[in-house]
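Dear colleague,

I am passing on the structure below, together with some notes on what was found in it. Please read the notes with the coordinates open beside them.

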There are 2 protein chains.
Amino acid sequence: MSFQKGAAYSIVREEKFERKAAEALPKLYERTVTPKRMVATAQDPNALHGWKVVEKEAGKTSYGKGDEVIFDFGEHLVGYVSLHIEPEGSPPDAPAHLEFMFGEMPVEVSEPPGTYDGWISSSWLQQAREHIDVLPWKLELKRRYSFRYLKIRVLDTSQKFTVSFHDVTCTAVTSADRHAVPARSWEGELLQELDEVSLRTLENCMQEVFEDGPKRDRRLWLGDLRLQALANYVTFGANDLVKRNLYQFAAVPNEEGRVAANLFMKPKLIPDDTYLFDYALFFATTLHDYYEYTNDKETLQELWPTAYRQLEVGLERVEENGIVRDDESWWSFIDWQKGLNKQAASQAILVYALRKGAVMAEALGKTEQAVILQLQAEAASQAAKAQLWDDEAGFYVSGEEKQISWASQVWMVYAGVLDKKEAKQLLQRLRETPPQIGMNTPYMHHHYAEALCLYGELEEALAHMRWYWGGMLEDGADTFWELYQPEDKTFSPYGNFLINSYCHAWSCTPTYLLRKYF
Amino acid sequence: MSFQKGAAYSIVREEKFERKAAEALPKLYERTVTPKRMVATAQDPNALHGWKVVEKEAGKTSYGKGDEVIFDFGEHLVGYVSLHIEPEGSPPDAPAHLEFMFGEMPVEVSEPPGTYDGWISSSWLQQAREHIDVLPWKLELKRRYSFRYLKIRVLDTSQKFTVSFHDVTCTAVTSADRHAVPARSWEGELLQELDEVSLRTLENCMQEVFEDGPKRDRRLWLGDLRLQALANYVTFGANDLVKRNLYQFAAVPNEEGRVAANLFMKPKLIPDDTYLFDYALFFATTLHDYYEYTNDKETLQELWPTAYRQLEVGLERVEENGIVRDDESWWSFIDWQKGLNKQAASQAILVYALRKGAVMAEALGKTEQAVILQLQAEAASQAAKAQLWDDEAGFYVSGEEKQISWASQVWMVYAGVLDKKEAKQLLQRLRETPPQIGMNTPYMHHHYAEALCLYGELEEALAHMRWYWGGMLEDGADTFWELYQPEDKTFSPYGNFLINSYCHAWSCTPTYLLRKYF
């Protein structure tokens, strides 16, 4: 165990855990994919983000200054692109200067460069510029891209020559084994498609870790990992990848023993300096789920102290009234919903995690710990009912302003704070008198859909999936999106939807819900 | 000998010559150079192109979005740049997106990208964009750059981290051996400096071939080669490089046996589809000069048929009146002076080349050929006097409009069309009543300066060098420029001076003139 001091936080490095994680580095499967067609995009106010794909007009096959061409690979891919570039005309008397734009969605290869004005880094826009000094040339772009569409724009050649593009190829990569997925079928094409697109979403996020999104942030977030793992158990069954990622979180806690909200893999395993109340608790629940699906007691045993520490850290936030302390900071994630107060949902997550903790303690024969955790869970649950339930409104309230949100209700139901009858009533009330503060991520919608499943509201769950994830399909999804708000499809928490991730791990759960409950 | 058909022209491939050239591939000397200081640039109407270098204000050492820093290497370099990039702040949560701009002159790292509006390819602007996914990172830029100044602009990092640059290094390359240069000195610092800057210019153009300019066009042009070779004989003495380049031109003539105006080296030896009257004749004069300096009769013998063929091709353009046919096309280069009529200068170059041809034929014991060439030279010379001399004006005229230009007079003197007395008178007349159509390249100015030397006007030659090449030094030259017109320093034949080459082979001749005549 070594000690490492950063600018703002101290990391403890559990080298044994890190080694175990490194040993479980998965191999990547490679697949060679070529474009299905060449297309153009056109503005269309009815298309998502204002751009649709159209047939390319027959015309040039060799391109000069200002010309552009879009290759449509016909499916969402994560991988490495190469192409042959051939000159036409006089011997090339200047470098060819090319711009590459990769898009998961048509809008990304349609808006002019420089359009993005969001607050997170524009470096996430998948673009590259290359000077080609020698032609013909086989160009191998070194970075990994996440895309279906590739636009090549000729910034310049010269007046004496043009260029054409041949053997455009993507070597797609994933650590997911498609052959391991059990065949299943459901009634109706839509459910089949929800399963298939979920699988593709998860598959393309499964790399050397469970990435949140292969476009952005391309890293291991605990909130995503939890849902990916659940979907994985019933599909690809890459359980060693879950184990690897759990060991990685456990390998680099801070001095207080808290696990980071997300990890970087290169140049070495580095925890982000972001610590979230809910995500840390999900370390414990993810370990619980892993054990439930694998029965791997050795891992449970080794990682239990880390999991237990997250529960302790969660409890440290509980105040005298039994409720977690609220504040203005980004202390708990819950959802990207603007103005959402996180207190009630966080309280429910604490209950949920403590209960999973009790199950693990029991499995490890730590009966006393199990009992204490169960008691703490009940206390937190009772406090929620006592302090946060608004009888008049018929909803849970959150924070000083007593905010009523979908997230608060969903998490209370999901965590089992209510008995079955109350839960069903609350779910019905949500539908009949929906709170203003809604949900805007597939992540939050997942919890609503699974809450419905947990309380036997299967038709409602299916209807919600058809409406919400099915809506993405109607709007052109090849993989499920990080953000989707049917009432405002331009929504982005980053200030501009160009930077949104359109293949995002936390959105892959229809396959899990369908395979588990239907 | 194989045969290769291009789109617009047919190439004969003399494989034996190509092999000989390949065998003479020079080794490149490498030198590691680090920046001397960090600077900024500032607008200044009195500075060349409106920008001057100023001290960098003390301030940031780590840079975020929109920040930029300029490294001044203190000298003009041609080479490969690497640097270490270190993150500062939180663990980098997004790629770093960086822009690199290389400048031979301050203006190139000062004007905003997108400013260039000239007609030759913007791909010559020395810029690169790189996404750095993993930090810290040692970045090795793959392309070769020609520069003194390197600006790095942070296009984006993220709100959580900045980057700093360390171990910025240029591995400078040249095939010139500085140790081979004979030590010489002249009175006054200026002449010393003219020699030194000429040497640096030539050195940085000497790569695997004599390039015209390491920024642009980075290739082997006959007009540049001729002057580089002359400067090389009295300095670096890389005579095998001249030989290699002559073999390269001879290896890929067209079906008619004409050598191209310039050659590309990669992916294989390819002649450009540009054929110029004057440049083709310079193949013969360059072979003559090579033999004169090396006495290498084997090469003379092997390349004589190619040289002779260029003279024949030149003579084919002579019309019944003994004068070369003029037309509107870019048939002869002479100078970048707009509106310059090329006829008279081309006629003089024909005389000059035929005379050198006669000398070579004589050396090869081909007496009959020598006599014929001498007669043809005299005929061309007499025709020039008879048809192009305007007794009233006291100048040679050119073209249908009977244009009077510097270039026509200079080349007639240079080629020896006039006897010594007439030549000195014409040179004096040029100074006293200068024609409106002037000269705007160091290439053309060289011929004027050497014409003065050839007729003993050494003080005038020195004065001209001090004024013209010395003017470049005063205007901030580290190496001599492709274009320089003291009356209009913004001059560019390409529509924008950003694309001009500021280390250009044909401008390196002060060292030749000083070492040969002084």
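The notes below start with the chain as a whole and then turn to one helix.

Please keep in mind throughout that this is a predicted model. Chain A contains 13 helices and 16 strands, and its C-alpha atoms fill a box of roughly 80 × 55 × 45 Å along the principal axes. For 518 residues a compact globule would have a radius of gyration near 24 Å, and the 25 Å of chain A agrees with that. Buried residues account for 63% of the 518 residues, while the accessible surface comes to about 19800 Å², with 48% of it belonging to carbon and sulfur atoms. Of the contacts between residues at least 6 apart in sequence, 75% join residues at least 24 apart.

Helix 10 of chain A covers residues 420–432, and its 13 residues reach 18 Å from the first C-alpha to the last, close to the 18 Å expected at 1.5 Å a residue. Within this helix, Ala423(A), Leu426(A), Leu427(A) and Leu430(A) are buried, and, seen down the axis, the buried residues fall within an arc of 100°, so they line one face of the helix. An α-helix has 3.6 residues a turn, so residues three or four places apart point the same way. The buried residues of helix 10 pack against strand 15 (389–390), strand 16 (395–396), helix 9 (406–414) and helix 11 (442–454) of chain A, whereas Lys421(A) and Glu432(A), on the other side of helix 10, are exposed. At the N-terminal end, Asp419(A) caps helix 10, with a side-chain oxygen 3.2 Å from the backbone nitrogen of Lys421(A).

Best regards

Definitions and conventions:
Residues numbered from 1 in each chain as written. Chains lettered and ligands numbered in written order. Predicted model: local features only at pLDDT ≥ 70, side-chain atom pairs only at ≥ 80, totals over all residues. Heavy atoms only, no water. Helix = DSSP H or I, 4+ residues; strand = E, 2+ residues; numbered from the N terminus. Expected span 1.5 Å × (residues − 1). Buried < 20%, exposed > 50% of the residue type's maximum accessible area, 1.4 Å probe, protein only. Arc of directions from axis to C-beta. Contact = heavy atoms within 4.5 Å. Polar contact = N/O pair within 3.5 Å; in protein donor to acceptor, adjacent residues only side chain to side chain. Rg over C-alpha atoms; globule rule 2.2 N^0.38 Å. Areas by Shrake-Rupley, 256 points an atom, 1.4 Å probe, with all protein chains shown as cover.
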